[in-house]
There are 2 protein chains.
Amino acid sequence: MSTRNLADEELTQAVLSSFSGCRSERFQEIIQSLVRHLHAFASDVELTEEEWFAGIDFLTQTGHITDDKRQEFILLSDVLGVSMLVVGLNHRKPSVATPSTVFGPFFVEGSPRVANGEDIANGAPGEPCLVQGRVISVSGEAVPQAHIEVWQADDDGLYDVQHADLSEPRGRGHLYAGDDGRYCFWSVKPTAYPIPADGPVGKLLANSNRSPMRPAHIHFMVTARGYQSVTTHVFADGDPYLDSDAVFGVKSELIAPLTRHQPGRAADGRDLDVPYWSINYDIVLALDDASDMSGRAGGSSRR
Amino acid sequence: MSTRNLADEELTQAVLSSFSGCRSERFQEIIQSLVRHLHAFASDVELTEEEWFAGIDFLTQTGHITDDKRQEFILLSDVLGVSMLVVGLNHRKPSVATPSTVFGPFFVEGSPRVANGEDIANGAPGEPCLVQGRVISVSGEAVPQAHIEVWQADDDGLYDVQHADLSEPRGRGHLYAGDDGRYCFWSVKPTAYPIPADGPVGKLLANSNRSPMRPAHIHFMVTARGYQSVTTHVFADGDPYLDSDAVFGVKSELIAPLTRHQPGRAADGRDLDVPYWSINYDIVLALDDASDMSGRAGGSSRR
């Protein structure tokens, strides 16, 4: 098909045709669908050339602010609901397994290894918080030695990577549950926080009069041999933003009570001379098996 | 509308609803349409989480390779036909005016000023080429003192900004047509060339088994008081890629013969001791007036 003198639908057909010989059939399906929808978008709104330039500039700024500590494209996908849509597409079937939610932009490879029961705060500001529970199967049996990645914002509402002057990880780590499925770590009480306002995505939310707030949560990414991985959050019950999450990530099954305690001996035997908090949450993993229908694409882990 | 426990269409509705109070009505129209089409795309192809990550990585790489000399997002828009679609949407009505085509990724602000008749090559490799014509109105009258930006690839198929070791502009410049509308400059003969293959867009074309070639052309951006600006190319007639342009930019009205001459005195009086080429092309501008229907959005200039 000639690429000359094309207008509107003809042009779209020519672009689709140019993508008719891709190396991978799946890639071809994706890129052709993307072309169809992008063209339909531009046509539907009759995008002006000035608006097209503004879009190019927005993507350029988003690329330039993204580095190994900040992922503004993921943030963009999150606030447009695309991330949560993809989570939904890949974890469709009802199940008692812990549901997935958005991965978010703040995961960092190579978090500190901590022993079961240790503290991941590493000096992060905030009141102490004991997080514990079990990793179990959908039938309630212990999943031994699950690998658990956790990361969270501190009492200032910031992840470690958002503190410009900080080179040490804080409020993140990975541990292994015991043979009985039990896991336990100390951290700080999670707080609600605004997603970063100083980049293009923050400006997009401001121009939309949208709240940047996310309800308090702790990120979990749990993997265990023979089970589907799960990337999710545990949200703090009672948070005022549970019904207005800027990234649409809240599911009722992921909400757990955050309990306040007076100074004294905590459930794990640690003595505290300040008030502290606790969260109990069991992670339920589906079998990584064709006979288990709780997930379509083998979990949501990157690995 | 609560953002909790949303799946599929419900989620899309919630995201649309979150964008229902934008500061600008036009921004709201655009972002809501974008959300609708992006969600439909992800749903239609049942995008997996791995594919979503690949998309995030692709955009990140595209952002990181983009700088003040390279615009990979424009290149992406070009090869997906979005740029040409937007050109079409904004210059819909038939007219004898010179049609627009893609802006492309190689424009640089602040090109050298040259006098009418001077050489823009500045050492760019290639056989000399005399480019001349008139800037006229749709009724054939001279448009005096039009501002003409021109830029082009050299005989190696590269723009100056693609030569890593080059700090001087080559093969680009701006000049003013005379009061009689006549413009004239020397440069080098334009050649067909592949769009950059060393970035994410090059990989996308390779994975699609698509040719990266563009037919030989010279970029023009012409502005004149009282007229609609035009951003376009003049293509070399006979080029083998006129019907398979990687960015879908060719229009028949933009093709001009490239004539070879033996050494001697050129049309502008310059004496050449090597063979040279010439292109004649008249730029026809539409009035910048509501009564002229040749364009919808006031031309395609950035300025």
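A nonpolar core is taken here as a set of buried Ala, Val, Leu, Ile, Met, Phe, Trp, Tyr and Cys residues joined through C-beta atoms within 7 Å; buried means that 20 or more other C-beta atoms, placed from the backbone, lie within 10 Å of a residue's own. In the largest such core, which has 70 residues, the members that touch the most others are Ala42(A), Val79(A), Val86(A), Ala42(B), Val79(B) and Val86(B). A second, separate core counts 53 residues, including Tyr193(B), Met221(B), Ala224(B) and Leu254(B).

This is a predicted model, with local features needing pLDDT of at least 70, side-chain atom pairs counting only at pLDDT 80 or more, and totals for chains, interfaces and linings using all residues. Residues are numbered from 1 along each chain as its sequence is written, while chains are lettered from A and ligands numbered from 1 in the order in which they are written.

On confidence, pLDDT is the predictor's own score for each residue, from 0 to 100. Chain A averages 93, with 95% of its residues at 70 or more. Residues 290-303 of chain A fall below 50, yet this stretch still has 36 contacts in the model beyond near neighbours in sequence; a contact is a pair of residues whose C-beta atoms, placed from the backbone, lie within 7 Å. For the complex, the predictor gives an ipTM of 0.92 and a pTM of 0.92.

Now to the interface. Here 73 residues of chain A are in contact with 73 residues of chain B. On the chain A side, helices 1 (8-18), 2 (25-44), 3 (49-65), 4 (72-79) and 5 (82-90) each give two or more residues, helices being DSSP runs of H or I with at least four residues, numbered from the N terminus. Helix 2 of chain A gives the most, with 15 residues. Val86(B), leaving aside neighbours within four places in sequence, is in contact with Ala42(A), Leu47(A), Glu49(A) and Trp52(A).

The same surface serves both copies, as 100% of the contact residues of chain A recur in chain B.

Technical notes
Contact = placed C-beta atoms within 7 Å. Buried ≥ 20, exposed ≤ 12 C-beta atoms within 10 Å, placed from the backbone.
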